[in-house]
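Subject: A structure for you to look at

Hello,

I am passing a structure on to you, together with some notes on what turned up in it. Please have a look at it first and then read on.

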Amino acid sequence: MQIQAPCVVTLIWRLEDAHGQLIDDLTEPMEFFYGGDDLFEKVESVLVGQQPGFTATVHLEPEAAFGLYDANLVFFEERGLFPDEIQPGMQFEGPPEGSQTPDLPADVIYNVTEVYESHVVLDGNHPLAGIALVLQLEVRDVREATEEEIAQRSVGEAGASLISLAPASTTLH
């Protein structure tokens, strides 16, 4: 079967930054929904029409991957707005209740980058924002998507996603 939307592709890959530093090494094959929300547009454009066994190296500029770094998404808030156990690496969906920083998007995951006695530094950028990437991938399998996968535009309940790839961290909520 050739890759065409909608379908499910099984991939392995090696993801590095532009300097060759390893970010992710997916050695166990994983399924992704093609034609939905699981893969970057540029990755899909390389895969269209291909079959199992296809390999490629895809160069992704920040705009085609996790976006440019936005300094406006870095801010600090009073330490008292956070739980006692707050530490770098934790995440919050939306700014904390009582936030004093105006106009922060509510639908962004904010990463705690630093914790001080009086304040906490948060960053709403994806951890890989602003970074050019090199993705070496191999197609292991292609299959038809189920009706459920087509409806949710992703594979599985949470949906495996290259788009959401990020270093592991602790999530508070």
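A term to start with: two strands pair if DSSP finds at least two bridges between them. Strands themselves (E, at least two residues) are DSSP runs, as are helices (H or I, at least four), and both are numbered from the N terminus. Please keep in mind that this is a predicted model, where local features need pLDDT of at least 70, side-chain atom pairs count only at pLDDT 80 or more, and totals for chains, interfaces and linings use all residues. Residues are numbered from 1 along each chain as its sequence is written, and side-chain values use heavy atoms, with hydrogens and water left out.

Now to the strands. E5 and strand E6 (residues 109-115) run antiparallel and are joined by three bridges. Within this pairing, Phe92 has Tyr110 in E6 as its bridge partner. On to the next neighbour: E6 is also joined to strand E7 (residues 119-123), again antiparallel, by four bridges. There, Glu114 has Val121 in E7 as its bridge partner. With three residues between them, E6 and E7 form a hairpin.

Next, the aromatic rings. Rings of Phe, Tyr and Trp (its six-membered ring) pair if their centres lie within 6.5 Å; planes under 30 degrees apart count as stacked, over 60 as edge-to-face and the rest as tilted. The structure holds four such aromatic pairs. One of them is Phe40 with Phe66: the ring centres are 5.0 Å apart and the planes stand at 85°, so this pair is edge-to-face. It links distant parts of the chain, 26 residues apart, with Phe40 in the loop between strand E2 (22-34) and helix H1 (41-47) and Phe66 in the loop between strand E3 (55-60) and strand E4 (74-78). Both Phe40 and Phe66 are buried (under 20% relative accessible area, with exposed over 50% and partly exposed in between, for a 1.4 Å probe and protein chains only).

Phe82 and Phe92 make another edge-to-face pair, because their centres are 5.4 Å apart and their planes at 65°. Phe82 lies in the loop between E4 and strand E5 (91-93) and Phe92 in strand E5, so the pair ties together parts 10 residues apart in sequence. Phe82 counts as buried because its relative accessibility is 6%, and Phe92 counts as buried at 6% too.

Finally, have a look at Thr10, which is placed in strand E1 (residues 7-17). Thr10 counts as buried, at 10% relative accessibility.

Best wishes
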